[in-house]
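The sequence and structure are shown first.

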Amino acid sequence: MSLQSSLFNFSFTTPCSSSSHGTSTPTITPFLNSVTRQSNQPDSSGRSEENNGELLRASSRFCTCGRRHFLEAASTALFPICPSIASDNLQPRYKTVLNRVHPPRPDWYDEFYASVLNSTAEPYEAEVAVYKTRLFTNLIRGKARKVLEIGIGTGPNLKYYANSADIQVYGVDPNTKMEKFAQESAVAAGLPLSNFEFIQAVGEAIPLNDASVDAVVGTLVLCSVKEVGQTLQEVKRVLKPGGLYLFVEHVAAKDGTILRLLQSALDPLQQTVADGCHLSRDTGKEILQAGFSSVDLSMAFLSNALIINPHVFGIASK
């Protein structure tokens, strides 16, 4: 892994890998213990998918007649465009992880928390906008077509990247009461609701196929997941090769400072009143050590965030 020093220059050029096709099973370890069929294993005809693909490409390259179109059509039929949502038979297993990691709350609590988050976030969002604008410009430049946002909440990030009918957005959040607010944000951003899907799930077990999205967005979410490392591995799993993970997270202050002492003292209370949010996680270090091919990470302090400082923001590439 290399740590980049300049923000931010990426592009999307890699196709979906065969491990995310409907014929394979998503790999989610250690939670689901599924097995992914490798693309170089033989199919029922005794040939590997890789060899079949090479045969079709060679035939198409040297054919100068109408058979080329037939072969291209046959290739599409054999290797269809990658679906993103995991197959129905896996959904109960995702729900098991959801209920274990994020036990069901009373409806009134989820509704109250979603309403408070929707009505009180404006000052923070106004200040953090300068950093988010820098980040999300890369999705526009890279022309990401499928975007997953983990911990989408009320959808405050959608206005930065979801303003095109060419984009498909999957919003993951364990609180279903966030959905109506996220839909409102999608409409306000100019994203057709047909291109937006809210999925009740947690970051530790994302119900999307392997290598199925161009980018993953996560802002202020790793503070509240139960297992940061597993969530980051899930982010890597669903990203296509070369795909981007865009993040904004608050992290623990420097050891020995008054702010760090306050964070440590208030951490238990924060977890209770803020739906599991931790004040003293070293999330930036976790991202750097997660195994991305490159990470571009910067730090900032926000005056509206009070003890929820400092923030790290940046882009990691698979």
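A salt bridge is counted here when a side-chain nitrogen of Lys or Arg lies within 4 Å of a carboxyl oxygen of Asp or Glu. The model is predicted, and it holds seven salt bridges.

K240 and D214 form one of them, with their closest N and O atoms 3.3 Å apart. K240 belongs to strand β6 (residues 239-250) and D214 to strand β5, so the bridge ties together parts that are 26 residues apart in sequence. K240 is buried at 14% relative accessibility, and D214 is buried at 8%.

R237 pairs with D210 in a salt bridge of 2.7 Å, N to O. The two sit in distant parts of the chain, 27 residues apart: D210 is in the loop between β4 (196-200) and β5 (213-219), and R237 is in helix α8 (residues 228-238).

R237 also meets E234 in a salt bridge, at 2.8 Å. Both of these residues lie in helix α8, three residues apart, or about one turn. E234 has a relative accessible area of 2% and is buried; R237, at 9%, is buried too. Shared partners join D210, E234 and R237 into one network.

## Cysteines

How many disulfides does the structure have? The search finds zero. C223 is in no disulfide, because a disulfide needs sulfur atoms within 2.5 Å, and the nearest cysteine sulfur, that of C277, is 3.7 Å away. C223 is buried at 4% relative accessibility, and C277 is buried at 7%.

## Nonpolar surface patch

I258, L262, L266, L269 and V273 make a nonpolar surface patch of about 480 Å². I258 is found in helix α9 (residues 258-273) and is exposed, with a relative accessible area of 67%.

Terms used: Residues are numbered from 1 along each chain as its sequence is written. This is a predicted model: local features need pLDDT of at least 70, side-chain atom pairs count only at pLDDT 80 or more; totals for chains, interfaces and linings use all residues. Side-chain values use heavy atoms; hydrogens and water are left out. Buried means under 20% relative accessible area, exposed over 50%, partly exposed in between (1.4 Å probe, protein chains only). Patches are made of residues with over 30% relative accessible area and no salt bridge: like charges are joined within 9 Å, nonpolar side chains (Val, Leu, Ile, Met, Phe, Trp, Tyr) within 5 Å. Accessible areas come from the Shrake-Rupley method with a 1.4 Å probe; for residues, only the protein chains shown count as cover. Helices (H or I, at least four residues) and strands (E, at least two) are DSSP runs, numbered from the N terminus.
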